[in-house]
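Hello,

Here is the structure I promised to pass on to you. Have a look through it first, and then read on for what I found.

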Amino acid sequence: MGSHTNDGDDGQSRQSCWKVDLQSIKTDMVNLAKQAGEMITTATASAATAVDTKKNSADLVTETDAAVEKFISTHLMVKYPTFQFLGEETYKPGMKLGKEPTFVVDPIDGTTNFVHRYPYVSISLGFAVDRIPCVGVVFNPFTQKLYWGVKGEGSYIVDVQTGEEKRLPVKQEKEEFKGLDGTLVAIEWGSDRSGANWKCKTETWAKLGASKEEGGAMVHSARALGSAALNLCAVAEGTLDLYWEGGCWAWDVCAGWVILKEAGGTIVSGNPGEWEIPVDHRKYLAVRAAKAGQKEIVEEFWGFVQGTMEYES
């Protein structure tokens, strides 16, 4: 069920593929996210225990990851049999996000948190057409906060328990950026704990936190909360100012990408100088909406990046 690139399609057939009802897809994804959320919150202790690792001991997977993805993919492929599916647990090396309408899914974004019972966990359901994220649904079943966005229609946060819905960003004033020393930044360790990527992350983190007298940015603080999707949603809310990441995959960011951009935020490369990137770039800098200063804060941040992240898409 992995997505594939089909560049041989003629323009007419691709155009017919792209005529999709994004609102209907959003509704289906919201319903699936809520059902999947119940699977996560009611998982037994054994189903929430790491049963395997992928790259190393920091890259965990549980029985629930696989069960949730199977539940989601089965429902989506029955209703949308001509669409593609790209999911974390069924991904095989060499799979690529193609131009076809594709569901891009992380069944549990924040598996390490899930294993440790830390409630910063989400289901991340994205939908892309022509490799462009068009619909995003991110749901934290422990807090019952659900985010959704549809390209051209805005993005919202919903309290599932009360039904209250607010348009993003929550901080409607969209404060102007005045410098990194006034920002709260999310940065994740990831599962690579050696080599150039680890060196770039740790040295950049140190540079961002250091005092200006020592050549640092002296940001207000940094956060490593463990879910790329929820980090992007927090930037969309405006409660985080920036999120810098390397190593995550399209399924980690596709849903949050839509939610953030529809809230007026922007995403550029985590490596300096790349303003336009695809969703599967694997190196990201997300910036909240602002009345002014987005471009300047990106350039200032890039000036503190120590080296280059070398993750391949």
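Strand 6 (residues 132–140) and strand 7 run antiparallel and are joined by six bridges; strands here are DSSP runs of E with at least two residues, and helices are runs of H or I with at least four, both numbered from the N terminus. Strands count as paired if DSSP finds at least two bridges between them. This is a predicted model, where local features need pLDDT of at least 70, side-chain atom pairs count only at pLDDT 80 or more, and totals for chains, interfaces and linings use all residues. Residues are numbered from 1 along each chain as its sequence is written, and side-chain values use heavy atoms, leaving out hydrogens and water.

Within that pair, Val 138 has Tyr 147 of strand 7 as its bridge partner. The two strands form a hairpin with four residues between them, and Gln 144 in the turn has a positive phi of about 65 degrees.

On to strand 8 (residues 154–159): six bridges join it to strand 7, again antiparallel. Trp 148 stands opposite Tyr 156 in strand 8. This hairpin has three residues between its strands, with Gly 152 in the turn at a positive phi of about 85 degrees.

Five of the six residues of strand 7 (residues 145–150) are buried, so this strand is largely enclosed by the rest of the structure. Buried means under 20% relative accessible area, with a 1.4 Å probe and protein chains only.

Best wishes

Terms used
Buried < 20%, exposed > 50% of the residue type's maximum accessible area, 1.4 Å probe, protein only.
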